[in-house]
Amino acid sequence: MAIITGEHGTGRRTSALRALRDYLSLPESANLSSADSHAVQIWDLSPDWEDGEVPRLEVLPDPLPGQGYVLDAAQRTVSPAAAQALNSWAARLHQIRSGLVVVGGPTDWPDGRLSEPATRPEAAQVARNHLLHRLDRPLQAHWLQADPSRTANRTGLLRQTAAPDQTAGIFADLIPRSVSPADAVRIAERLAQVDPGEVGAAVQDQHSPDAAVAERGRLFVQAVRERVLEWTHYLEKLLAEGGTRGPDRVMLLAASYFEGGPLELCIKAATEFDPRGDQTRQRFREGRSPRRRLRDVGVDVTETDTASFASRPGLAMAAIRTDWYHWADERTQTREWLQRITAPGAVAERWSKQVGQRLLELSRTAVDPPFFAVLESWATPVIDGDRITLIAELLTEAAMTEELARLAHARLLNWAESKNAARRQVVAQVCAGRYGLRWPSHALVRLRHILAYDDEAAQIAAAALVRHAEQGGLERIIETIETWLERFSGQAAGPRAFLALIDPSDRGAAAGATPTGGLVSVLITLAQGTPRVRDFLITGWAATLQQPDVRDGAYRVLLAWAEAVHRAWLDRDVTFGILTEVRNLHTPVDAMSRFLYGSPEHDAPAVVDARYALANLNACTHAHCSHPDCPLLHTGGTSPPEVEATHRGDQERSSNGQDASSTNPDAEGDTSPS
């Protein structure tokens, strides 16, 4: 195991991958026995545990020989106990020539003695290597070469020097040392999209004796620099040094958030920046036309009268970043403006998704990031389903983003505990999607809080639990529900999750599927040979029947079980045997008493048949039952043969003369199983 720590942008992840690649390529790793050999791969580990929690073995993957694992501790606080658990797991990896590298910030790993500090590499060299080896762009890498003389070509017997390449080193000062490796790679990728022919022609123009041609070449090369650097110098001159008026700056900001939208939308949104200033509103319509003013700040006006940045790719996002940093004292006003114009019924409501995506991109590196604050304002109790889905998509993207993952985890947990039903519904949708697949333990914790309520969010959460169990996570879900029932016995979350898992009805089936027993048929089958599953069903029912908040739901699932047995979806012997043990553990009140002893609105043949079977199961063992009128063999009618009472009456008298097989509720509830 190795621990690499350093600030964000020091290349710690790249160092981890390189270390694992070198370690796994050692001769010892290649000498594994053929039976244990696997294709060498490097895996990303998601820190799927809560702050302060110790990662369990089931959260960590089964070690495979000759594999590499990378864990990003920056996404989750690692406690000393968690570090010890990872250390023990790494010892198992070491035995089979596998390895673990943990990366994180300077304080993310509790034991500083084991940490290896990451040193930031030269950004320009990173960009050159990326262009040469990853993107196969030798000409663009040539532009970044700091010493053009090293690229001079010598050919022929006389080693004559070829004509110097005028483009060599033209962008040698493009990437200063302060740039992070990740940003250097992004600059290299933008530089790779530049046409070498156009740059070569522009450089030749710069050496022209014609002053106009030389100026044209210089301007083109400068435009390439601005485009590659995302218009940093261009915007600084435009917004800071050029004396751009406030309304023009706000119009550029509006066009940047609503790129591709109608100009009238940009103008209306800009007028909302200062809702209390009527004079400010009027200034947007005075003097130069709004279209002329937009062009003056770098916005292209298309033939269809929409805002575009086609001639300056990347300017929109660059303008948003520059505005956020340059006008730091107006960050609150900018955030409130975005909240106001994207509210339901507001001028830019339809553009909320694009606004959210640009705020997400801004918040990856911004001071005082506005992304989560804007989403908080959107998630009001009265929003519709479309807005809930939009917020869920954006929060999922934030959780998948390295810089925002930790904040997204905390926000989802906070919203899951909220009394705001819309926010709980957002979290339920997030946990039911990609987030739940990547961080199942995180998702289950948040779903437990949601299941404490009885609303639409709880229905989504229950469906997510069932889907996870159907996709190979049945054992994890059973263990989770058992934990909830034991540790949070006074809450309704565990019983609601249990009922969702064992519901064979239409509500328990997947959307669009025909109900045929669902997961409960799998559980009933497993219960025949797996005592743990049988105990789970019995204790789960017992705990659920004691929770008054789920009384109606429990009764509905009991009816569904009876119907499933009647339709032969569930094994009759096992199902009624489990319910008999539940009955004997449970004081017959509420849902179970209604199921056993009658309810005026439920007298279906399946229910009556189930009541009769449960009321008489103690009469025999049913392994090799000799009674021809045994209720488990009696499937056609809804009542027993009339000889039943006579046949038993003489054989099953108690010593005090009372009938031990009476179906009196009080007597039946106290009868122990034979």
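**Charges, rings and cores**

Mentor: Start with Arg249, which sits over the face of Trp327, 4.4 Å from the ring centre. Keep in mind that this is a predicted model.

Trainee: Which ring does Arg424 lie over, and at what distance from the ring centre?

Mentor: Arg424 lies over the face of Tyr453. The distance to the ring centre is 3.7 Å.

Trainee: OK, rings with rings now. How many aromatic pairs does the structure hold?

Mentor: It holds 11 aromatic pairs. Take Tyr257 and Trp337: their ring centres are 6.3 Å apart and their planes meet at 70 degrees, so this pair is edge-to-face.

Trainee: Where do Tyr257 and Trp337 sit in the chain?

Mentor: Tyr257 is in helix H10, residues 246-257, and Trp337 is in helix H15, residues 331-341.

Trainee: Is Tyr257 buried or exposed? And what about Trp337, buried or exposed?

Mentor: Tyr257 is buried because its relative accessibility is 1%, under the 20% cut-off. Trp337 is buried too, with a relative accessible area of 0%.

Trainee: Give me another pair. What is the geometry of Phe498 and Trp541?

Mentor: Phe498 and Trp541 are edge-to-face. Their centres are 5.9 Å apart, with 80 degrees between the planes. Phe498 belongs to helix H24 (residues 493-501) and Trp541 to helix H26 (residues 531-545), so the pair ties together parts 43 residues apart in sequence.

Trainee: Let's talk packing. How many residues are in the largest nonpolar core?

Mentor: The largest nonpolar core has 132 residues. Those with the most contacts inside it are Tyr257, Phe258, Leu501, Ile502, Trp541 and Phe595. Helix H23, residues 456-487, gives the most to this core, with 14 residues.

Trainee: What is Ile502 in contact with, leaving aside its neighbours within four places in sequence?

Mentor: Ile502 is in contact with Val520, Leu523, Leu537, Trp541, Val557 and Trp561. A second, separate core has 25 residues, including Ala141, Leu174, Ala192 and Val221.

Trainee: New topic, cysteines. How many disulfides does a search of the whole structure find?

Mentor: The search finds 0 disulfides. Cys266 counts as buried, at 1% relative accessibility. Cys431 is buried as well, with a relative accessible area of 5%.

Trainee: How far is Ser178 from Ala123, in sequence and in space?

Mentor: Ser178 and Ala123 are 55 residues apart in sequence. C-alpha to C-alpha, they are 7.7 Å apart in space.

Trainee: Zoom out for me. How many helices and strands are there?

Mentor: There are 32 helices and 9 strands. The protein has 674 residues, and 47% of them count as buried.

Trainee: What about contacts and surface?

Mentor: Among contacts with a separation of 6 or more, 70% are between residues 24 or more positions apart. The protein exposes about 33,100 Å², and carbon and sulfur atoms supply 50% of that.

Definitions and conventions:
Residues are numbered from 1 along each chain as its sequence is written. This is a predicted model: local features need pLDDT of at least 70, side-chain atom pairs count only at pLDDT 80 or more; totals for chains, interfaces and linings use all residues. Side-chain values use heavy atoms; hydrogens and water are left out. A nonpolar core is a set of buried Ala, Val, Leu, Ile, Met, Phe, Trp, Tyr and Cys residues joined through side-chain atoms within 4.5 Å. Buried means under 20% relative accessible area, exposed over 50%, partly exposed in between (1.4 Å probe, protein chains only). Helices (H or I, at least four residues) and strands (E, at least two) are DSSP runs, numbered from the N terminus. Contact means heavy atoms within 4.5 Å. Rings of Phe, Tyr and Trp (its six-membered ring) pair if their centres lie within 6.5 Å; planes under 30 degrees apart count as stacked, over 60 as edge-to-face and the rest as tilted. A charge sits over a ring if NZ of Lys or CZ of Arg is within 6 Å of the ring centre and within 35 degrees of the ring normal. A disulfide is a pair of cysteine sulfur atoms within 2.5 Å. Accessible areas come from the Shrake-Rupley method with a 1.4 Å probe; for residues, only the protein chains shown count as cover.
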